[in-house]
Amino acid sequence: MTETDTSTATTTDGEVTDVLVVGSGIAGCAAALSAAREGAEVLLLTKATKPDDASTDWAQGGISTTRGDPDSLKSDIIDASDGTADPDAVETLVANADDAVEDVLVDTLEVAFDESEDGEFDYTREAAHSEYRILHVDAATGSHILRPFLNYVDAHEHIEVRQDTAALELITAEGRVHGVVSDEQLEGHPIYAGATVLATGGIGALYGRSTNPDGATGDGIAMAALAGADVEDMEYVQFHPTAYAGDDPFLLSEALRGEGAVLRNGDGERFMTEYHPQGDLAPRDVVARAVETEREETGEVVLDVSPLKFEAEYPAIAEKCRDRGIEGDEIPVAPCEHFLCGGIAVDDRGRTSLDRLYAAGECARTGVHGANRLASTSLLEGLVWGLRAGEDAVGFDPEPVEAPELRNRDPDLPDRFAAEKFTRLTRTMDEYLGLERDPEEIARAGSVLRRLKGEVDAYVRTRTTRSLYELRNASVVALLIARAASENTESIGCHYVVDAERPPRA
């Protein structure tokens, strides 16, 4: 991508822009595009240096549409959430879904979604969907959306994309957000904006095994929480049931099961009908726990892709299998951290509890997902809320105020400092705040994470490095997850509390 310099004005104390977007996934790109369409000058900051540093690029299955039946999609979303999704938020999603997809992805970006032989869209189905309604490109939809989207916004005359740039702190005064301090200078670089949109993605780096990129350290959630913004539903960390079980995990899209692939245990038996009437297409939380149970009892679980034309229809996934020496039709799978259903609390326009701060995408809690996300709704949610947040963020005048002073007076930390602390954090999350949780272990995690955060805070006060701030952000988010998990004693959706009383899933 190239860089332009049309969206900001430089002052003696920093920069000024109409709308500042932090994050370059589908939500960030949508917010930037929407704001620019309204005539705003937009600056988009991203830690990424290439598209696959963003979570959107890793999305496989596709993007859901209503296919003309919004009530059916709404019902599926609420059912998959274990009845916890906010009906009003789901209504906002389904009411805007098809227009957003057609406007941005089909008409503007001209994404080449797969088509059938008659030239119509080749809709697929994934777990817990009652209809074939998902648009896709092979099983690598995210990259086919994000890359042209990034190129499009980067070429827009009213948008500047600034890569390899991290936001470290929000600039706040009296409950209003005035911009961010970036890491472009050693002591921080203030960027003031009429409104700020956080679209920083997920939290996968907090776990040892994740389908997220390494940079998914929960930055936006942490910055917003530290500034006083409301966060909700942090205990709802979704694990995808079918990630490659070996080192260097990768996602095996639910579209595979939607088209006929089946799960088998170490004895070669299909088992999912014993856990849920929908069998292999049950909601993600149910399938993930079933897979883990069968792995423990029979030694392994594999995804049998023999019913598919696997190589021809899913070449990107097939190539990843070959790269790891997987031969034949059976791919070893295990659950893997995938998506945070909670985050910064927002309304139907992406507005947070802080004035002029917006959030969209995985870092935002819209209420759509409740306790468990329906497959192929994350790209859709990021697109819809990104567009709505970007449009609403226009029209405010930037108001430069005193920015936080970042200090960098002490010697550099040892090279392995942040990495070693991260290892301690991920081990704690994996052991105590993973797929199944025990109340005593949740409390133990909270104690460990509080100590870790205290240690990290002591260093952040006198040193400014991206890796240290990412560690701080991760420790803040980890503690938020532990706190929310300790306060929710009900086992529901992807928050599974061992020995808690649980009604059966319908």
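Helices H1 and H11 cross in a right-handed manner. The model on display is a predicted one.

Begin by selecting residues 26–37, which form H1, together with residues 378–392, which form H11. The axes of these two helices lie 7 Å apart, and the helices pack at an angle of about 30 degrees. Angles under 35 degrees count as roughly parallel, and H1 and H11 are therefore described as roughly parallel to each other.

Next, display the side chains where the two helices meet. On the H1 side, select Ile 26, Ala 27, Ala 30, Ala 31, Ser 34 and Ala 35. Their counterparts in H11 are Leu 379, Gly 382, Leu 383, Gly 386, Leu 387, Gly 390 and Glu 391. Colouring this contact by residue type gives 8 nonpolar, 4 polar and 1 charged.

Now turn to the sheet. Which strands form it, and in what order? It is an open sheet of 3 strands, ordered E10-E15-E17, with mixed pairing. Select 231–232 for E10 and 364–365 for E17: these strands stand at the edges. Each has a single partner strand, so one side of each is left without a neighbour in the sheet.

Then select residues 343–345, which make up strand E15. Strands E15 and E17 run parallel and are joined by 2 bridges. Within this pair, centre the view on Ile 344, which stands opposite Ala 364 of E17.

Methods: Residues are numbered from 1 along each chain as its sequence is written. This is a predicted model: local features need pLDDT of at least 70, side-chain atom pairs count only at pLDDT 80 or more; totals for chains, interfaces and linings use all residues. Side-chain values use heavy atoms; hydrogens and water are left out. Axes are lines fitted to C-alpha atoms, for helices over the stretch in contact, and angles run from 0 to 180 degrees between N-to-C directions. Helices (H or I, at least four residues) and strands (E, at least two) are DSSP runs, numbered from the N terminus. Angles under 35 degrees count as roughly parallel, over 145 as roughly antiparallel, 65 to 115 as roughly perpendicular and the rest as oblique. A crossing is left-handed if the near helix is turned anticlockwise from the far one by less than a right angle, and right-handed if clockwise. Contact means heavy atoms within 4.5 Å. Ala, Val, Leu, Ile, Met, Phe, Trp, Tyr, Cys and Pro count as nonpolar, Asp, Glu, Lys and Arg as charged, and the others, Gly among them, as polar. Two strands pair if DSSP finds at least two bridges between them.
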